[in-house]
Amino acid sequence: YSAVCLAQGLAENGLLYTIDINEELEARVRKYFAEAGLAEKINYLIGNATELIPKIEETWDLVFIDADKAGYAKYYDLVFDKVRKGGFIIADNVLWSGKVLAEKTDKDTENMKLFNQKVQQDERVFNTLFPIRDGLMVVEKLV
């Protein structure tokens with residue numbers, strides 16, 4: 001769903017990359033892209049993002065991270081140099097149902113807290129956390 005929404009906002013020659021680890025969903029996902037008339041604007045990759053991202057030789061204006069919570073910091077690091085200066089990284093679920101404020105946390109919550117701290121301490125970016133739904137961190141790359 002997020003890929004379709006993002007692809008609808010692309011410039012005429014824009015291309016969206018999306019990575020999914022779940023190959024069982026491929027037929028359904030490709031069907032939705034086709035039904036939305038966006039199949040040609042979406043490069044749909046299946047596999048482990050930590051293996052695929054380094055192989056992609058593109059410069060991006062925007063990266064949207066909505067994945068396994070343990071991987072957020074790693075994905076951030078992997079995409080950072082591929083995002084142009086003035087581009088954005090948007091991370092979903094950064095408030096993790098408000099659990100990031102709790103003293104006792106589970107592993108996913110701890111990963112989200114660490115990710116949020118990492119971004120907050122990164123002097124190469126300006127970030128804004130929007131406390132809507134499950135939390136959205138918008139990060140502008142300054143360097």
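The charged end of lysine 141 is placed over the ring of phenylalanine 80, 4.7 Å from the ring centre; a charge counts as sitting over a ring if NZ of Lys or CZ of Arg is within 6 Å of the ring centre and within 35 degrees of the ring normal. Arginine 124 also lies over the face of phenylalanine 80, at 3.7 Å from the centre of the ring. The model is predicted, with local features requiring pLDDT of at least 70 and side-chain atom pairs pLDDT 80 or more, whereas totals for chains, interfaces and linings use all residues. Residues are numbered from 1 along each chain as its sequence is written, and side-chain values use heavy atoms, with hydrogens and water left out.

Phenylalanine 80 also takes part in ring pairing. Five aromatic pairs are present in the structure, a pair being two rings of Phe, Tyr or Trp (its six-membered ring) with centres within 6.5 Å, called stacked if the planes are under 30 degrees apart, edge-to-face if over 60 and tilted otherwise. The ring centres of tyrosine 76 and phenylalanine 80 are 5.8 Å apart and the planes stand at 50°, so this pair is tilted. About one helical turn separates tyrosine 76 from phenylalanine 80, because they are four residues apart in helix α4; helices (H or I, at least four residues) and strands (E, at least two) are DSSP runs numbered from the N terminus. Both tyrosine 76 and phenylalanine 80 are buried, that is, under 20% relative accessible area with a 1.4 Å probe and protein chains only. Ring pairs join Tyr72, Tyr76, Phe80 and Phe115 into a cluster.

The largest nonpolar core has 26 residues, of which Ile65, Tyr76, Ile89 and Phe115 touch the most other members. Such a core is a set of buried Ala, Val, Leu, Ile, Met, Phe, Trp, Tyr and Cys residues joined through side-chain atoms within 4.5 Å. Helix α4 supplies the largest share of this core, six residues.

The largest pocket has a volume of about 1,400 Å³. A pocket is an open set of points on a 1 Å grid over the protein atoms alone where a 1.4 Å probe fits, with protein on both sides within 12 Å along at least five of seven lines, and lining residues have an atom within 4 Å of a point. The volume is the space filled by probe spheres set on the points, which are joined across faces, edges and corners. Of the 40 lining residues, Leu16, Tyr17, Thr18, Ile19 and Phe64 are the closest to the centre of this pocket. The most is given to this lining by β3, with six residues.

Notes
Buried < 20%, exposed > 50% of the residue type's maximum accessible area, 1.4 Å probe, protein only.
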